[in-house]
Each structure stands twice: as structure tokens, then as C-alpha cells.
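I opened the notebook to go through one model. My entries follow the order in which I looked things up.

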Amino acid sequence: MTTLFVNASQVVTCAGPGRARRGTEMTDAGVLTNTAVAVDGERITAVGPHDELQRQYPGAQTVDCARGVLAPGLVDSHTHGIFGKPRHEEQELRAAGVGYMEIAKRGGGIHSSVRDLRGRSEDELYALALPRLRRIAAHGVTTVEVKSGYGLTLDDELKSLRVIQRLQAALPMRIVPTFLGAHEIPLEYRAAPRSREEYVALLEHEMIPRVASEGLAVFADIFCEPGVYTLDETRRILGAARRHGLQLKLHADELEPSGAAELAAELGATSADHLAAISEPGIRALAASNTVATLLPGTMMFLGRPKQAPARELIAAGAAVALASDFNPGTSPTVNFPLMLTLAVSQLRMSVAEALLAATVNGAAALGLAADTGQLAPGFSADLALFEIEDIRELPYWYGDHRCARSWVRGNACHG
Ligand code: NIG
Ligand code: FE
């Protein structure tokens, strides 16, 4: 049974090769008018002139796009969606001049979310995460990556990953699970009788093997940053992850340059994320690799940090740039992914086409899914988002607004 999406003021296809786009491949997002999209089951079967498609599929059921803009469902490739309480008190502390790392040193930050999550049951965490992910979907996201990382014990990490598994079963969105047991060194491993070395060994020899053997994650991620995990520890932990069949991601060069982006490229990580403090050699290393450079402008904005990631330099060097929300209780408590497009244009100085490709095709590439989702083209998964705007440039323009009317994933209703 064919469904025809008709009467859109614009269809933004992002069509092209099913892989990350780089440099000048990001200048055109494929904005078409008088265009319809045909979907059969889970797949897109045709994108073409309105009249032609209507003639071709006379008995098709139709979805009236009501002169809105039809685009690929957005891909948010970096969230920390499993957590308990909000951390609003830290926002005021930062305003008063206490930095992110200083808050962590005082036992707040990630540690505060860890204490909180350890005290909650799987059911409780599920009940908190479900409406949060629904809100993310309501903004046009059809594929979302969700990390664990606020448990930092075997049981609490497994608990978080099982919540993600339950969300996958409950929600139509495509959810990609990531194990982030290396989010921090837990406080109990910082002084005798335990040591950080013991926690690194626990990650390598117990947590990663167990997560992989239970099939609870596709990716392993790590916060590779001065004061958190060192480059050497990152090599060891991600080496173990790779040996157990997990793909790799890194929180890299978020606050200080340390060679983390270069390491991501060297290890063949699927993505290196943050990069606000990336060095020149880091930019060159990513540009010469297949590692997607995922930028999280909401985080720098919310932390009130002066410098955003050098998107222009990365694109000019030929890196594949993606955008993500970093949804988390500490540094980016937003469910509004289109707002990242606003920040991309207004603060990272990306064009609207670049921002859209970064939020669709390249987001999919950051999850190893670019051959399947992220574009409106025959053969791709029928993942679509309909926005109540006439011109796609309005999506970053009406900043902070909610314009997604409906979305579909694998041809089924996702939102609206
Ligand atoms: O991506 N940088 C590390 N992890 C998160 C923040 C986590 C938190 O503060 O709870 C991030 O910004
Ligand atoms: Fe993050």
C-alpha cells in the first residue's frame, strides 16, 4: 500500500550518497517545490513531481502536508537521556562564577546525577525517560542515540541500558544505545582502598564484556578530557570495547585541547563529539579520517562558555560535521533539537543547508546509519518530519519555537 505525501510547500530531501557529507557536499540540502514523496511500508519508493507521482499512484492514500515543509526525520546522535533529577542549582552557580570542572571537583556535576540515579529503580528511571524522549520526538527527531553513564557500577549501568531497551520497545523512534560507563571516575575509586586503575580495569574486564554479551549497546563512549579520562586510559577502554564488538565514540576536546580528536581519528571512532577546544592538528586529523565531528552548540551556550566549536574550519578542512543536542541534566537540558540548528547558523556560522545535512545525513553517519536514514530518497527508511513553516530557513529562524506537526519513522506515525 503506497502513501503519498502531497501538498508540501517544500520537500527538503538531503538526497545524495548514503554516507557522511563533507566540505562542499554540504552546500545543497536539496530543496524542492511541487514535489511529492511516495512511501511503501517502511521505505521511501519515490520522490518526484507532484502531478507525476499522483498519476503514477492513482489509488494511493495521501497525507496532506498543508503547505508545510517535509524533511527527513532529524537524527539526534548524542544524548544522555537516562537520568533522574534536574540539576538547576548548577546553572546559578556557574552564573556566579563557579566553572563546570570546579562544580565536579566539589562532588557535584556528573557525580550528583550518579548519586541520584543509583538510588532509583529501573521502573522509576523508565517513567522519567519516557516523556523526555517523547518531547524530543515532538520536535522532529526520529532517530536518537541514548547513553548510559550516570550509574558507574556494573548494576547501575546495566539498569540504565535496560531502561533504554524498554524505551526501544515502547516508542516508535529509532533508539541507538551507547554504553558510557567511562563518563567519570566514580568518587569511591579516587582514594584508598580503591584506585582509578581499579575502575578502568573493571570497565575493561567486567562492564564492557557484560554489556556487549547482553547486546545492550551498539557504541561505547568515554569522556576523554584533562581531569577526567586520560588518553592512555581512553586507548585501553576503547580497545576493550572494540574487541568486544562495540563501535566507538569519544567526548573529545570539550573544554581543553588534549589530543582527543586525534586519538578518535587514530582509533577509527565513528564520531568525536564536542570539539569546542579542538586544536589545528585535531582538525586536520578528523578531516583526514572517517570519524564524524559532532558539534553540540547547546552545551557551550548553556554553560556560558565563550567559544563554540570551529565549525567553519572543520568544514573547510573537509571534516564531516554533525549536530546533536547533548540532552543531559548538567550541560544541555534541552529537548529542542531544531534549536541546535539555530545555534549552528547564528553561532557556528553554518549555512542552513549545512546545518540540515549535519542534523540528518551526518547525524545518521555518526550512528553508522547513513545508508538507511537521514534522507528522503528511494530505498531509504521512511523517516519524515513535517514542519509548520513555508520555507526551511524558518526552522532555525523561529528559535526556540515548536514547529513539528507530525513525524513518521519506518512509515509509521512517530509524533502527532
Ligand atoms: O556531554 N562532558 C561530559 N558529559 C556531558 C555532561 C554530563 C553532565 O554534566 O551531566 C556532556 O556535556
Ligand atoms: Fe555528552
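Which residues coordinate the iron ion (ligand 2)? I worked on a predicted model, where local features need pLDDT of at least 70, side-chain atom pairs count only at pLDDT 80 or more, and totals for chains, interfaces and linings use all residues. Residues are numbered from 1 along each chain as its sequence is written, chains are lettered from A and ligands numbered from 1 in the order written, and side-chain values use heavy atoms, without hydrogens and water.

**Iron site.** I found His 78 (NE2), His 80 (NE2), His 251 (NE2) and Asp 326 (OD) at 2.1 to 2.3 Å. Donors are N, O and S atoms within 2.8 Å of the metal (3.2 Å for Na, K and Ca); water is not among the atoms, so sites may look incomplete. I read the donor spacing as H-x1-H-x170-H-x74-D. His 78 lies in the loop between strand 8 and helix 2 (88-95), and Asp 326 in the loop between strand 15 and helix 13, 248 residues apart. Helices (H or I, at least four residues) and strands (E, at least two) are DSSP runs, numbered from the N terminus.

**Burial.** I checked His 78: its relative accessibility is 0%, so it is buried. Buried means under 20% relative accessible area, exposed over 50%, partly exposed in between (1.4 Å probe, protein chains only). Asp 326 is buried too, at 1%.

**Strand 9.** Seven of the seven residues of strand 9 (residues 141-147) are buried, so the rest of the structure largely encloses it. I traced three bridges from strand 8 (residues 74-76) to strand 9, running parallel. Two strands pair if DSSP finds at least two bridges between them. Asp 76 has Val 144 as its bridge partner in strand 9.
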